[in-house]
Amino acid sequence: FVDQRMELIPSEVWSKYFNLTQASEGWQEELETQKVTHLILHVEDQWPLMQAALESPEWRLKGLDEAHAVFERRRAPEATQLR
């Protein structure tokens, strides 16, 4: 979800991003599906997701400054097996 070329990103990806930022229902499942293991969040702009991560046993706060918080998933999502 990190790319500043907004015009290249499909609207459905933006929709997922904004739903995640607001910690909408299913946010943890979406991060699991995407195999996300770390979050770098802006403490003001992404406060709902930051608060949800702080309250979740799945995530631990690894770093914090005046602008950003870094979270790490406590257990990594299962890797996709190639056949």
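Start by selecting glutamate 32 and arginine 73: their side chains meet in a salt bridge, with N to O at 3.2 Å (a salt bridge being a side-chain nitrogen of Lys or Arg within 4 Å of a carboxyl oxygen of Asp or Glu). Glutamate 32 belongs to helix H2 (residues 27-33) and arginine 73 to strand S3 (residues 68-73), so this contact ties together parts 41 residues apart in sequence. Helices (H or I, at least four residues) and strands (E, at least two) are DSSP runs, numbered from the N terminus.

A quick note before the next click: this is a predicted model, where local features need pLDDT of at least 70 and side-chain atom pairs count only at pLDDT 80 or more, while totals for chains, interfaces and linings use all residues. Residues are numbered from 1 along each chain as its sequence is written, and side-chain values use heavy atoms, with hydrogens and water left out.

Is arginine 73 buried or exposed? Arginine 73 is buried, at a relative accessible area of 5%, whereas glutamate 32 counts as partly exposed at 24%. The cut-offs here are under 20% relative accessible area for buried, over 50% for exposed, and partly exposed in between (1.4 Å probe, protein chains only).

Arginine 75 sits in the segment after S3 and glutamate 32 in helix H2, so the pair links parts 43 residues apart in sequence.

Glutamate 58 lies in the loop between helix H3 (47-55) and strand S2 (59-64), so here the tie spans 17 residues in sequence. Select Glu32, Glu58, Arg73 and Arg75 together and you have one network, joined by salt bridges that share partners. A search of the whole structure finds 7 salt bridges.

Last stop: backbone torsions. Most residues other than glycine have a negative phi. Select alanine 23, in the loop between helix H1 (11-21) and H2, and you'll find a positive phi near 55°. Then jump to lysine 35, in the loop between H2 and strand S1 (38-42). Lysine 35 has a positive phi too, about 60°, and counts as partly exposed at 38% relative accessibility.
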